[in-house]
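User: I would like to learn how to read a structure feature by feature. Please give the general idea each time, then the case at hand.

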Amino acid sequence: MIERPEGSGWIEVICGSMFSGKSEELIRRLRRAKIARQKIVAFKPRIDDRYDDDDIVSHDERRVESFRIDDAGEILDYVDDDTQVVGIDEGQFLGPKLPDVCEELAQRGVRVIVAGLDQDYLGRPFEPMPTLLAVAEYITKTLAVCMKCGRPANRTQRIIASKERVVVGAGEAYEARCRHCWNPEEAGPDASAEKASGRSAAATGGDDENSRRKEPIQADTKGELSGP
C-alpha cells in the first residue's frame, strides 16, 4: 500500500507488453481511489477507439470514464484544483510533453497513474514512456503469457504486415510473446532491417530517442521492476 503524506503527489507507471493487464491495473487503482471518495479524472488518446469512444476499457472489458485527448498538453485543462488522482492510459501515444505534464501534476500534489507500452513492435523503447519511467516514484512491470509457448511474455508481436510504428489494434493484429518466440519479421519482410537500422543509429550516436539502447532492468517474480 502506498502511503501519501498530506499535500504530496507522485507518479506511478504501469508498463509492459500488450495483453499484460496494464489497463486492467490502471482501472483497478482508479476504482479503489473512487471508493475512497477521492476526486479522479482519467484520459485516453483519441486514436484509441478499439472498445469504446470515450471510456478506458481493458481487454477483459473493465472500464472507467475518461476524456479523449490528442496530446498530453490538454490534460492540464481538465484537472481542477481539488483533483486528487489522474489516470492516463496508452501513454505512449500522447507525445513528448507527457513527462513534463505528469511532473507538474505531481508537484501540485496529485497522484498520477500512467499505463502504457514500454516497447514498440520492434522491441525499441517507446517514448515518452522510458523518460516517464526515469522520473516515476513507483513502477510496475506487467507480464503477459506468450501465446506460442506459455512462458512469461514481455514483447508485443505484430502479426499483420505493416511498417508503421503506430497501428492501433487488438487480438487481430497483435500477440504477446516471450523473447524466444518473438519474431519481428512476422510484421513484414522489412521489419528486421528497420529494427537493425534503429539500433545502428543508436550505436553511432544518432538522435532517434526511440532507438537508443537502455541499461537493462529486470522484473522480479511479482512483476515489480528491480534494478541491478
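**Helix α1**

Analyst: Helix α1 covers residues 22-35, and its 14 residues at 1.5 Å each should span 20 Å; the end C-alpha atoms are 20 Å apart, which agrees. The expected span is 1.5 Å times one less than the number of residues. Helices (H or I, at least four residues) and strands (E, at least two) are DSSP runs, numbered from the N terminus. This is a predicted model, in which local features need pLDDT of at least 70, side-chain atom pairs count only at pLDDT 80 or more, and totals for chains, interfaces and linings use all residues. Residues are numbered from 1 along each chain as its sequence is written, and side-chain values use heavy atoms, with hydrogens and water left out.

User: Which residues of α1 are buried?

Analyst: An α-helix has 3.6 residues a turn, so residues three or four places apart point the same way. Buried means under 20% relative accessible area, exposed over 50%, and partly exposed in between (1.4 Å probe, protein chains only). In α1 the buried residues are K22, S23, E25, L26, I27, R29, L30 and A33. After α1 comes R37, with a positive phi near 65°.

**Strand β1**

User: How many residues of β1 are buried, and which strands does β1 pair with?

Analyst: In a regular strand the side chains alternate between the two faces of the sheet. In β1, 7 of its 7 residues are buried. One side carries W10, E12, I14 and G16, the other I11, V13 and C15, and both faces are covered. Two strands pair if DSSP finds at least two bridges between them. β1 runs parallel to β7, with 7 bridges joining them, and W10 has R111 as its bridge partner in β7. β1 also pairs with β8 in the parallel sense, over 5 bridges; there G16 has T142 as its bridge partner.

**Salt bridges**

User: How many salt bridges does a search of the whole structure find?

Analyst: Side chains of opposite charge can pair when their charged atoms come close. The criterion for a salt bridge is a side-chain nitrogen of Lys or Arg within 4 Å of a carboxyl oxygen of Asp or Glu. The search of the whole structure finds 14 of them. One is between E12 and R29, whose closest N and O atoms are 2.7 Å apart. This pair links distant parts of the chain, with E12 in strand β1 (residues 10-16) and R29 in helix α1, 17 residues apart.

User: Why do E12 and R29 count as buried?

Analyst: E12 counts as buried because its relative accessibility is 0%. R29 counts as buried because its relative accessibility is 11%.

User: Where does K39 lie, and where does D80?

Analyst: K39 and D80 form a salt bridge, with the closest N and O atoms 2.9 Å apart. K39 lies in the loop between α1 and β2 (40-45) and D80 in the loop between β5 (67-69) and β6, so the pair ties together parts that are 41 residues apart in sequence. K39 is partly exposed at 32% relative accessibility, and D80 is partly exposed with a relative accessible area of 40%.

User: Are K141 and D118 buried or exposed?

Analyst: K141 is buried, and so is D118. Their salt bridge has its closest N and O atoms 2.3 Å apart. K141 lies in strand β8 (residues 138-142) and D118 in the loop between β7 (111-117) and α3 (129-135), so the pair ties together parts that are 23 residues apart in sequence. Elsewhere, salt bridges that share partners join E12, E25, R28, R29 and R111 into one network.

**Cysteines**

User: Where is the place of E90, and where is that of P184?

Analyst: E90 is in the loop between β6 (85-88) and α2 (98-107). E90 is buried, with a relative accessible area of 8%. The side chains of E90 and Q92 are joined by a polar contact of 2.7 Å. A polar contact is a pair of N or O atoms within 3.5 Å; within protein, one must be able to donate a hydrogen and the other to accept it, and residues adjacent in sequence count only if both atoms are side-chain atoms. P184 is in the loop between β12 (174-177) and α4 (191-203), and is buried with a relative accessible area of 9%. The C-alpha atoms of P184 and G123 are separated by 8.2 Å, the two residues being 61 residues apart along the chain.
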